[in-house]
Amino acid sequence: MTSTDLDGTGDPTGSPADRPRPAETDRDAAPQYVLPLVVRIERDGPPALTDALETAARAVLVLLADERATGDGEWAAAVRDWQDARIRKVVRRARGAEWRRAEALPGITVHGAHAEVRVFPPVPLDGWPKDLARLQVSGTHLDDPRAPEAPDPDGVVLWLNPELDMSAGKAMAQAGHGAQLAWWELTPAERAAWREAGFPLSVRSAAPHRWEGLTRSDLPVVRDAGFTEIAPGSCTVVADHPALRARLAPAAGGC
């Protein structure tokens, strides 16, 4: 699996710390942090791709909403430093004893239908815990044994760019970016309602004829920095949350 970087500004609401966001020119100069995610993939029972994508996206939200990541929480400083720089995420895989060692480290395990993803507080780009640094980043293939059902039209959908060929790890990180962008755009009351509902969401590939319209809709769009797999500036995910959809305005942008 692979790493990815979110090309864009930090949390406009100031969460988890109520302070001004750094200028874009400062983001590369700031110490660089990464959000580690580990997906459990046992030899005899790998998760379905869509299940893994959705579980990874929820894992990012669960960490952002956790009291340890906000205010004076024990992870809050690391989360602030991570969001003040480039918003990087790295997805690695583990099984057996590797997974048990990963679970022993501070973090949160999020369960999907069958998928398990553990998210950890951000770490310096070159300062990974050894039990995470040794995990594989590439070489994993996930697929869906059957086509996913249509998403709830009134629910949260993270739409993937149908024109991009991304590895499972890249797509998981991009889904996490999309969930994070949606979180940043919500009001505190909207965030609370989503959290209390258990962060329901779907991840689906957009129909090709809908993709351009989605990117022009004023919904949050993930534009990748292009460090791995795809070209810089590629639009990878559109975050379609009902609260954001309700306040859409026509936009002239797009990809």
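**Contacts, cores and helices in a predicted model**

Me: Which residues is Leu 37 in contact with, leaving aside its neighbours within four places in sequence?

Reply: Leu 37 is in contact with Ala 56, Ala 59, Val 60, Lys 89, Val 90, Val 91, Arg 92, Val 117, Arg 118 and Val 119. Contact means that heavy atoms lie within 4.5 Å. This is a predicted model, in which local features need pLDDT of at least 70 and side-chain atom pairs count only at pLDDT 80 or more, while totals for chains, interfaces and linings use all residues. Residues are numbered from 1 along each chain as its sequence is written, and side-chain values use heavy atoms, with hydrogens and water left out.

Me: What makes a set of residues a nonpolar core?

Reply: The members must be buried Ala, Val, Leu, Ile, Met, Phe, Trp, Tyr or Cys residues, joined through side-chain atoms within 4.5 Å. The largest nonpolar core has 59 residues, and Leu 37, Leu 158, Met 172, Trp 194 and Leu 201 touch the most other members. Helix H6 (residues 168-185) gives the most to this core, with 10 residues. Apart from it lies another core of 11 residues, including Trp 99, Phe 120, Val 123 and Leu 135. In soluble globular proteins, nonpolar side chains tend to be buried together.

Me: Why is Trp 194 called buried?

Reply: A residue is buried under 20% relative accessible area, exposed over 50% and partly exposed in between (1.4 Å probe, protein chains only). Trp 194 has a relative accessible area of 4%, so it counts as buried. The C-alpha atoms of Trp 194 and Leu 61 are separated by 9.7 Å, although the two are 133 residues apart along the chain.

Me: Why does Ala 133 count as partly exposed?

Reply: Its relative accessibility is 38%, which is why Ala 133 counts as partly exposed. Ala 133 is found in helix H5 (residues 130-133). Leaving out residues up to four places away in sequence, Ala 133 touches Arg 92 and Trp 128.

Me: What makes a stretch of chain a helix or a strand?

Reply: Both are DSSP runs, numbered from the N terminus: helices are H or I with at least four residues, and strands are E with at least two. The protein chain has 9 helices and 10 strands.

Me: How do you know whether the span of H6 is close to or far from the expected one?

Reply: The expected span is 1.5 Å times one less than the number of residues. H6 has 18 residues and reaches 26 Å from its first C-alpha to its last, close to the 26 Å expected. Since 17 of the 18 residues of H6 are buried, H6 is largely enclosed by the rest of the structure.

Me: Why are the buried residues of H7 said to line one face of the helix?

Reply: The buried residues of helix H7 (residues 188-196) are Arg 191, Ala 192 and Trp 194. Seen down the axis of H7, they fall within an arc of 165 degrees, so they line one face. The arc is that of the directions from the helix axis to the C-beta atoms. On the other side of H7, Ala 189 and Glu 196 are exposed. Helix H2 (49-65) and H6 are among what covers the buried residues of H7.

Me: How do you know that E4 and E5 pair?

Reply: Two strands pair if DSSP finds at least two bridges between them. Strand E4 (residues 108-111) and strand E5 (residues 116-119) are joined by 4 bridges and run antiparallel. The bridge partner of Ile 108 in E5 is Val 119. E4 and E5 form a hairpin, with 4 residues between them.

Me: What makes E10 largely enclosed?

Reply: In strand E10 (residues 235-240), 6 of the 6 residues are buried, so E10 is largely enclosed by the rest of the structure. Strand E7 (residues 157-160) is joined to E10 by 4 bridges, antiparallel, and strand E9 (residues 221-223) by 3 bridges, also antiparallel. Trp 159 stands opposite Val 238 in E10, and Val 221 stands opposite Val 238 too.

Me: What is the phi of Phe 199, and where does this residue lie?

Reply: Most residues other than glycine have a negative phi. Phe 199 has a positive phi of about 55 degrees although it is not a glycine. Phe 199 lies in the loop between H7 and strand E8 (202-205). At 4% relative accessibility, Phe 199 counts as buried.
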